[in-house]
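Please read this report with the structure open beside you, and look up each residue as it is named.

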Amino acid sequence: MVTAVRYLGPNWYASVMGTAALAGAGAALGIGGTRQVLVGVWALSLLQLAVLLAARALHWARHPDQARAHLLDPAMAPFYGCLSMALLAVGGGALSLGRDWIGEPAAVALDSVLFVAGTAVGLAAAVAVPYLMAVRHRIEPGQATPVWLLPLVAPMVSAALGPQLVPHLPAGQPRETLLLACFAMFGLSLLATLLMLPLVFARLITGGPLPLALTPTLFLVLGPLGQSTTAVGAFADIAPGVVPAPYDGGFGVLAVLYGVPVMGFALLWLALAVSHLVRARRQGMRFAMTWWAFTFPVGTCVTGAAALGRHTGLAVYDWLAAGLYGLLVVGWLAAASGTVRGLLSGALLAGPRPAPVAPRPVTARTTSDAVR
């Protein structure tokens, strides 16, 4: 077991995020007759989180050299944002689904603990990872990938899931403080994403398609788009009675005037990502842990579309949310089945292969095996 976790990187938390997103997005749709199944999926994400936290603790205790190598690898360090989002996603599912199993008091307590921990880790990652990229990593413009967005999106997940804890706080300033803190994290994450996204898009346009193993990471761009739309919808749901007029109504306006155009851009990017994915599959793209990018980002678009359906009253957004959820299910099945096969064969926990003698074109392999 100690040897098996040597190469277990923070990118594995993406599997927890994907499973929690499958449950949470399904709950947002409110499809009758599926709730017990979704509770079971959330319970699976909770189990995954517990196992990974234990394995990663063992990794840091027994293999600190490899853990430090992950932090100093520009391809792996951004995945530390996944720890935050895994904690937050499982915590959010505790209130929306887990309460059916563990009861509401336990669900509120679990969500509170995971929200505080996930938010703290996310804010730390949003500062520490860009700092390391600037002062310790040696990065060329051609190395930009959507993975760089991961630590910057984590505070947006806090912004989207924090409002469901607001009603469980005492009325008055405690509730307003948490809601406005979530709004501040919305702005923090949004502006940071707007700084980073042009670098990623410029790399794609000027440098050509990403390496095959990294092609699924194009779906990561959907994360801040769908999650920010989800967040403004959550603000609008909670604001009445929490913030004074006219600001409470302003959140309702923001949910529509921000969410509609951003969801439009998300659909444009989804089409672009799918086009690149089809090309990569035709060229022989095989399974890698990057396939989990098909899950959580798409799940945020499901919840974002569902929020627009609530606030606009348009059935088209409900249909869009259902269609995106179908895509999420397919993506989760593909990523989960590939992960299980890789674990059973031992390939996913093996060390990186030796570098070839002859030079090869640029690939997705990194020194710490970030996308394996």
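Does Asp100 count as buried or partly exposed, and at what relative accessibility? Asp100 counts as partly exposed, at 39% relative accessibility, where buried means under 20% relative accessible area, exposed means over 50%, and partly exposed lies in between (1.4 Å probe, protein chains only). This is a predicted model, in which local features need pLDDT of at least 70 and side-chain atom pairs count only at pLDDT 80 or more, while totals for chains, interfaces and linings use all residues. Residues are numbered from 1 along each chain as its sequence is written, and side-chain values use heavy atoms, with hydrogens and water left out.

**Salt bridges**

A search of the whole structure finds two salt bridges, a salt bridge being a side-chain nitrogen of Lys or Arg within 4 Å of a carboxyl oxygen of Asp or Glu. The table sets them side by side.

| Pair | Closest N and O atoms |
|---|---|
| Arg35 and Asp100 | 2.4 Å |
| Asp237 and Arg310 | 2.6 Å |

In the salt bridge between Arg35 and Asp100, distant parts of the chain are linked, since Arg35 lies in helix H2 and Asp100 in helix H4, 65 residues apart. Helices (H or I, at least four residues) are DSSP runs, numbered from the N terminus. Arg35 is partly exposed, at 32% relative accessibility. Leaving aside residues up to four places away in sequence, Asp100 touches Arg35 and Val39, where contact means heavy atoms within 4.5 Å. Asp100 and Pro261, by contrast, are 161 residues apart in sequence and 35 Å apart in space, taken from C-alpha to C-alpha.

The salt bridge between Asp237 and Arg310 also links distant parts of the chain, with Asp237 in helix H8 (residues 222–238) and Arg310 in helix H10 (residues 296–312), 73 residues apart. Asp237 counts as partly exposed at 37% relative accessibility, and Arg310 is partly exposed too, with a relative accessible area of 48%.

**Cysteines**

A disulfide is a covalent bond between the sulfur atoms of two cysteines, and here it is counted as a pair of cysteine sulfur atoms within 2.5 Å. A search of the whole structure finds zero disulfides.

**One side of a helix**

Which residues of helix H3 (residues 64–71) are buried? They are Gln66, Ala67 and His70. These residues are on the same side of H3, because they cover an arc of only 105 degrees around the axis; the arc is that of the directions from the helix axis to the C-beta atoms. In general, an α-helix has 3.6 residues a turn, so residues three or four places apart point the same way. What covers the buried residues of H3 includes H2 and helix H4 (80–102).

**Surface and a cis bond**

Leu47 has its place in helix H2 (residues 35–62) and is exposed, with a relative accessible area of 53%. Together, Leu44, Leu47 and Val51 make a nonpolar surface patch of about 270 Å². Patches are made of residues with over 30% relative accessible area and no salt bridge, with like charges joined within 9 Å and nonpolar side chains (Val, Leu, Ile, Met, Phe, Trp, Tyr) within 5 Å; accessible areas come from the Shrake-Rupley method with a 1.4 Å probe, and for residues only the protein chains shown count as cover.

Most peptide bonds are trans. The peptide bond from Ala245 to Pro246, however, is cis, with omega near 0 degrees, and Pro246 is found in the loop between H8 and helix H9 (247–282).

How values were computed: Helices (H or I, at least four residues) and strands (E, at least two) are DSSP runs, numbered from the N terminus.
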